[in-house]
Amino acid sequence: MAKLPTLKKVDVNKKKKKKILLLSDDMRMHSGVGTMSRELVLNSVHEYDWVQVGGAIKHPDNGQKINISQDVVKETGVSDASVVIYPFSGYGNPDLIRHIIKSDKPDAILHFTDPRFWDWLYNMEHEIRQDMPIFYYTIWDDLPIPHWNAPFYESCDWLGCISKQTYNIVSKVRDWNRPSEVEKTKDWQVTYLPHGVPEKWFKPIKAGSKSYDRYEKFLSRLLKHDEDYEYVLFYNNRNIRRKQTSDIILAWNEFCNTLTKEQASKCLLMMHTPRVDPNGTNLQAVKDAVCPDHLIMFDEGNKSTEELGFMYNRADATINCASNEGFGLSSAESIMCGTMIINNITGGLQDQVGFKRNGKYLSADDYLEIQSMHDRDLWKDNPEITWGEWALPIWPSNRSLQGSPQTPYIFDDRADYKEIAKAIKENYDMGRDERKRRGMIGHEWAMSEAGFSSRQMGLSLIEQMGSALENWTPRKRFNLYKIKNRQD
């Protein structure tokens, strides 16, 4: 006779977890949104159950329902973790959402990424918000205040803002048509919730640690002559126009030309990005034309999260000079690894620089006055402003107003490649010991004041969504009446 399973005692006092329906890139994918979706779920699954509509272009699992709960239990140690994915080619539609609401019974919807992907969701917001709130993990790259986003923001009950600049923008748009103080946005409705990166993988690698042998073996495969490199600059971004990738190569050439031939031969620009992208350019052709004599390595293969952490650790600095950047994940990952950053001052990249005003770190509320630090005339040489030792900021030399029919206006903040080169040279001249000292200060700041760890992001998400769930009130139903035509 088979042995009966041991019965577990039910904890009658245990609070039933709320269930959240997440709409975003499939959390199993390696896109930035997919990666952050995974971190949001893994670091809050002890408090919430999750159902996801996992979007992708031509999703190979489209139409399936995949339960990954046991994988999440193994990953997190949360014994009652519940995570289900509905893979979808695109981002979903009303019929799918109605089906999931009926079958899985979520308590709230959380969507993530560009609001233009969610027109269909906003068109049914009154239907949904009679029964559950709609939350939005949101970001906007730059000023001027995008008033045309007002209908999107008004369709949401809570907006978690990924950057301090976004917090200012969303707050201003939400209160744009609210003349009455009674109608003003409540504190719980718009909050600051920066991205967090997994501290398990993005951390300083120390000699003698468990991962150090794997680190050295990885470097021996990646960099055949690693011992010869005295300075390594890391670029980890897509090869697309707004990332200003060609300017990085141009600046690298400018920097190397300030060194002796021997010094330059020991400097490497390590670019983890495709050489060719239809949304960017042919970087090999750019390198051959404007930087033929200096070392650039294009690393195009997929890397595990641990291997990316190794690459940050090997680098002397990580550079991001994008002209528009919502957050800038590579900069946060670099700081978490104890590696310095060189950042253009735009969008979310400002948050990672650690700006202070009169000795006090800028808060999200400070940005309601400041709005953005990208104006060099106001902030570059302002004696009130300082920043973290781990960062070398570059203020845009040109701000151009760009736009499209869907997004009529937005600043494009461009850094001068010669100023980028000067920042690289300043970083080079510090020497490795000083760069590492400064990088470790950044690591400590990221783990505490900045809250850039996945664990802290999860705790903040739980607190902020919990407050929104507690304060949310359902929308009132309305009835439609047919009025007969009559003549007076």
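Select Y192 to begin: this residue is found in strand β8. Helices (H or I, at least four residues) and strands (E, at least two) are DSSP runs, numbered from the N terminus. The structure is a predicted model, in which local features need pLDDT of at least 70 and side-chain atom pairs count only at pLDDT 80 or more, while totals for chains, interfaces and linings use all residues. Residues are numbered from 1 along each chain as its sequence is written, and side-chain values use heavy atoms, with hydrogens and water left out.

Display the surroundings of Y192. Contact means heavy atoms within 4.5 Å. Apart from neighbours within four places in sequence, Y192 is in contact with C161, I162, S163, K164, Y167, D351, A364 and Q464. Next, select Q352, which is 160 residues away from Y192 in sequence and 14 Å away in space, C-alpha to C-alpha.

Two strands pair if DSSP finds at least two bridges between them.

Axes are lines fitted to C-alpha atoms, for helices over the stretch in contact, and angles run from 0 to 180 degrees between N-to-C directions.

Two loops deserve a stop. Select T113, in the loop between β5 and α4 (119-123). The phi of T113 is near 110°, a positive value in a residue other than glycine. Then select P144, in the loop between β6 and α6 (150-154). A cis peptide bond joins L143 and P144, with omega of about -5°.

**A salt bridge**

Select K17 and D49, whose side chains meet in a salt bridge at 3.1 Å, N to O. K17 lies in the segment before β1 (18-25) and D49 in strand β2 (residues 48-56), so the pair ties together parts that are 32 residues apart in sequence. A salt bridge is counted when a side-chain nitrogen of Lys or Arg is within 4 Å of a carboxyl oxygen of Asp or Glu. A search of the whole structure finds 30 salt bridges.

Select α8 (residues 212-222) and α12 (residues 305-314), which pack at an angle of about 80° with their axes 10 Å apart. This angle makes α8 roughly perpendicular to α12. Angles under 35 degrees count as roughly parallel, over 145 as roughly antiparallel, 65 to 115 as roughly perpendicular and the rest as oblique. Show R214, Y215, F218, L219, R221 and L222 of α8 together with E306, E307, F310, M311, N313 and R314 of α12, which make the contact. By class, this contact has six nonpolar, one polar and five charged residues. Ala, Val, Leu, Ile, Met, Phe, Trp, Tyr, Cys and Pro count as nonpolar, Asp, Glu, Lys and Arg as charged, and the others, Gly among them, as polar.

Move to α9 (residues 245-256) and α11 (residues 283-290), whose axes come within 10 Å and cross at roughly 25°. That makes α9 roughly parallel to α11. In the contact, T245, S246, I249, L250 and N253 of α9 meet L283, V286, K287 and V290 of α11. The classes here are five nonpolar, three polar and one charged.

Now select α17 (residues 417-430) and α18 (residues 432-447), whose axes come within 5 Å and cross at roughly 105°. The two helices α17 and α18 are therefore roughly perpendicular to each other. N427, Y428 and M430 of α17 meet R432, E434, R435 and R438 of α18. The residues of this contact divide into two nonpolar, one polar and four charged.

**The three-stranded sheet**

Finish at the open sheet of three strands, in the order β15-β14-β16, with antiparallel pairing. The edge strands are β15 (360-361) and β16 (385-386), each pairing on one side only. Strand β14 (residues 356-357) runs antiparallel to β15 and is joined to β15 by two bridges. Select R357 last, whose bridge partner in β15 is K360.
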